[in-house]
Amino acid sequence: MSADDIPGVRPYRNPAGGWGSLKAVGTALADQETVMEGGRSLLHLNQPDGFDCPGCAWPDPKHTSSFEFCENGAKAVAWEATTKRATPALFAAHTLTELRTWSDHALEDAGRLTEPMAYDPASDRYLPLSWEAAFARVGTALRALDHPNQAEFYASGRASNEAAFLFQLLGRKLGTNNFPDCSNMCHEPTSVGLPDSLGLGKGSVTLEDFDQADLILSFGHNPGTNHPRMMTTLRDASRRGATILVFNPMRERALERFASPQDPVEMATLGSTEIASRYHQPTIGGDAALVEGMMKALIAWDAEARAAGEAPVLDHAFIAEHTQGFEALAAHLESLDWPAIEARSGLGRAEIEEAAGAYARSKATILCYGMGLTQHRSSSSTVQQLANLLLLRGNIGRPGAGICPLRGHSNVQGDRTVGHWEKPSEPFLAALDRVFGFTAPRAHGHTVVEAIAAMERGEAKLFIGLGGNFAVAAPDPKRTHAAIGKLDLTVHIATKLNRSHLLPGRESLILPCLGRTEIDIQAGGRQAVTVEDSMSMVHASRGLNPPASPQLRSEPAIVAGIARAAFGPEDPVDWEGLTADYDRIRDLIEAVLPELFAGYNERIRVPGGFRLPVAPSERVWKTASGKANFLPFLADGGDARQGDSNVLLLTTLRSHDQYNTTIYGANDRYRGVFGRRDVVFANPEDLAARGLAPGDRIDLAAAFDGSGERVIRGFTAVARDLPRGCVAAYYPETNGLVALDDHDRRSGTPAYKSAPVRMRRAD
Ligand SMILES: Nc1nc2c(c(=O)[nH]1)N[C@H]1C(S)=C(S)[C@@H](COP(=O)(O)OP(=O)(O)OC[C@H]3O[C@@H](n4cnc5c(=O)[nH]c(N)nc54)[C@H](O)[C@@H]3O)O[C@H]1N2
Ligand SMILES: Nc1nc2c(c(=O)[nH]1)N[C@H]1C(S)=C(S)[C@@H](COP(=O)(O)OP(=O)(O)OC[C@H]3O[C@@H](n4cnc5c(=O)[nH]c(N)nc54)[C@H](O)[C@@H]3O)O[C@H]1N2
Ligand SMILES: [Mo]
């Protein structure tokens, strides 16, 4: 069967972007019935007087440019600015048992939540209650805990700095560091790996650096879908003649060819710009080996060049002055043989040397990476290999060079900066103690995976989610959902209904909040919040739409309301005053983190905001050694296939019409899938080897699952140009194939991108 014969699957032959993008925006606005307001909202996206795009964390050119077109940013805004409403009438009409049969799309498509709701087990329904009653119930439950570590304070990265700061203050005043965060499922290997390498777990580049790079290395990210505004940057770089090397097992159209909806000539002529100069397709999880191969080649060439009296390949002055551990890395690479590197990476030596050659010729290299690198068993160490590669040629801390992790949620980085972190630093805690006059807990708290394990053991009793869809984003729904069911109380601060809300503990509350697009008026007047983008730029965000319901409260107001109820009227923190005027929250953030936020309130009043200090970009290394560290690869997670060559590795991806667990629609235009998501992309030879053909109905089973229950049934096989042994399918439908204990050992990030599976005809 050819691709043309599989229902909903047809080849997409156009570049990414172009007219298809414009059309998709119109459809998204119409579907959400937002045509007027959503359209107006779009004009204020990322503008100095407007709101930060709730889509991705890619920065904007100084936040002063004219509107930059982004199809998926528009979808994110339309989804929030919808006129649909999930009112108490919806909950009166449906029990939770019924609602659980709805799709993830249908649940959120019910519209914006409008009133606080409490679960009534007798009728199996959510019933409305007042804010005061809701706060009182949470406050009572927090006070009733035997130990503060029985509470889990989850946050998803859309929360503002102000909301996240109050949330961590609430948890730490209670006495716990249990702050599981979406980051634990996302860029945690960056937060854990890079500090040991470079002294900071963030990117080192600015947007301006992209204008000066002559080589961009792109590892494991899909910007046409997930960071669409980055396409302008990549397109400009390509047009300037910069080389772009892509490393991705899957051929992503936007990384091949892109047509800018902002370029009248490209639009009129149906032209496009080539993005990748060369597209390398390593095997899933093969990146560390591939980078090791590149480094091995560079070091060998350097020795040859020096012996021949030619210019060296490595930046020896930089290595001597700024780094430590080069000899150990070189010795480790020396010990690796090429056949092993080829087997692990899935690329031949000649191809790896070709990439290394391009890097050796480059004067300024930027290395970008996303979830394709961070969601494997040894990802923290893999991220460190990326840093090693850059350090070898002094590509950190000078113009046009550096490391660029593509962050996930629009403020996931900021939430961490202001303290929503289960492993806070001692200086941060000491500053909290000093500013607030209490003793913050020192013992580290739970990551997402650890929180689920604590629920499973019955040790966690109470969960508060500041946004997100914890139950669906996490691995292994069977175990995770059962674990959540053991809780005494689940509290969800949310804009839209999702499956996590339908998995209550003994009690459950939904607290509806304002979204970023909405006007936030408090006792002190109209408020702005602040967010930090992928490049450490902090700026203000001010909503423009009227709130979806008069009952909505802001995230800071809700957190403050819970805190007052939990700590009582005597509590010295002025929770009401902080809610009245967010400048006061920012003053406290500045007091706790003066080296980062000095002059916070003045500096966010400047369009574009300000950049937090990024020490590696100044060649200052805040590591224990005071130098940047070369760190050899450590396969601490072991081999995902356990040596069984029949086992396939499954990578779980986002479609073009989704935002994490939010499913806008069932199309994945650039991958040629329409109206469905139940497909598995596979190499045709892997299909044939199992007696299968494209279009066949198949099951995927978790490979090393003793229970034999972790199976995804009745998906359709679609042939794709993927390396042998690799399959790909959509998240979150396939999360059941990811084991809870299959994660990066150091960061706890689930191995969502290399789940060992077996593929067979559907039974
Ligand atoms: N529209 C939209 N925007 C988003 C999101 C969204 O869902 N929708 N999510 C936001 C969030 S939270 C995040 S974290 C980011 C995610 O942004 P990305 O990191 O782009 O996310 P993924 O779709 O998970 O895809 C990662 C890419 O990695 C590739 N890949 C898979 N396995 C491997 C591997 O082993 N090696 C290599 N080299 N590549 C591999 C896949 O083929 C895919 O192209 O986007 C953010 N922005
Ligand atoms: N298999 C697999 N699993 C994955 C991944 C993967 O690649 N593969 N990726 C992982 C990654 S990178 C991430 S970041 C996580 C995402 O995990 P989460 O961040 O927990 O999930 P989201 O889907 O982004 O959350 C969506 C919900 O957030 C709420 N929401 C939206 N906007 C707001 C707001 O402004 N305020 C509040 N309070 N709530 C709001 C809405 O109720 C919506 O239903 O998933 C992870 N899970
Ligand atoms: Mo993410």
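**Entry 1: the site of ligand 1**

I began with the position of ligand 1 and found that domain 3 (188–405) and domain 4 (648–761) both give residues to its shell, so ligand 1 lies between these two domains. I note at the outset that the model is predicted.

I then listed the surroundings of ligand 1 and found 31 residues. Glu-252, Gly-285, Asp-287, Asn-660 and Lys-753 are the closest of them. Sorted by class, the shell around ligand 1 holds ten nonpolar, 17 polar and four charged residues.

Which helices and strands each supply at least two residues of this shell? I recorded α11 (223–226), α20 (371–374), β24 (648–653) and β25 (658–659). The largest share, three residues, comes from α20.

**Entry 2: polar contacts of ligand 1**

I looked next at individual atom pairs. An N or O atom in the side chain of Asn-248 is 2.7 Å from an oxygen atom of ligand 1. For Arg-654, I found a side-chain N or O atom at 2.8 Å from an oxygen atom of ligand 1. Asn-72 places a polar side-chain atom 3.3 Å from a nitrogen atom of ligand 1. I also looked up how much of ligand 1 is covered: taken alone, ligand 1 exposes 930 Å², and the protein buries 99% of that area.

**Entry 3: the site of ligand 2**

Why does ligand 2 lie between domain 2 and domain 4? I found that domain 2 (85–181 + 411–603) and domain 4 (648–761) both give residues to the shell around ligand 2, so ligand 2 lies between them.

I counted 31 residues around ligand 2, and Tyr-154, Ser-156, Glu-555, Thr-661 and Asn-735 come nearest. By class, the shell around ligand 2 is made up of twelve nonpolar, 13 polar and six charged residues.

**Entry 4: polar contacts of ligand 2**

Tyr-154 has a side-chain N or O atom 2.5 Å from an oxygen atom of ligand 2. In Tyr-731, a polar side-chain atom lies 2.7 Å from an oxygen atom of ligand 2. The side chain of Gln-375 brings an N or O atom to 3.1 Å from an oxygen atom of ligand 2. On its own, ligand 2 has 930 Å² of accessible area, of which the protein covers 97%.

Is the peptide bond from Tyr-731 to Pro-732 cis or trans? I found this bond to be cis, with omega near 5°. Pro-732 has its place in the loop between β30 (726–730) and β31 (755–761).

Strand β28 (residues 697–702) pairs with strand β29 (residues 711–719) in the antiparallel sense, over four bridges. Which residue of β29 stands opposite Arg-697? I recorded Thr-716.

**Entry 5: an open sheet**

I then looked up an open sheet of three strands, ordered β1-β9-β10, with mixed pairing. β1 (16–17) and β10 (273–274) stand at the edges with a single partner strand each, so one side of each has no neighbour in the sheet. Strand β9 (residues 257–259) pairs with β10 in the antiparallel sense over two bridges. I noted that Arg-257 has Glu-274 in β10 as its bridge partner.

**Entry 6: a backbone angle**

My last entry concerns Arg-619, which is not a glycine and yet has a positive phi of about 60°. I located Arg-619 in the loop between β22 (610–611) and β23 (628–629).

Note on methods:
Residues are numbered from 1 along each chain as its sequence is written. Chains are lettered from A and ligands numbered from 1 in the order in which they are written. This is a predicted model: local features need pLDDT of at least 70, side-chain atom pairs count only at pLDDT 80 or more; totals for chains, interfaces and linings use all residues. Side-chain values use heavy atoms; hydrogens and water are left out. A residue is near a molecule or strand if one of its heavy atoms lies within 4 Å of it. A polar contact is a pair of N or O atoms within 3.5 Å; within protein, one must be able to donate a hydrogen and the other to accept it, and residues adjacent in sequence count only if both atoms are side-chain atoms. Accessible areas come from the Shrake-Rupley method with a 1.4 Å probe; for residues, only the protein chains shown count as cover. Ala, Val, Leu, Ile, Met, Phe, Trp, Tyr, Cys and Pro count as nonpolar, Asp, Glu, Lys and Arg as charged, and the others, Gly among them, as polar. Domain bounds come from an automatic or database domain assignment. Two strands pair if DSSP finds at least two bridges between them.
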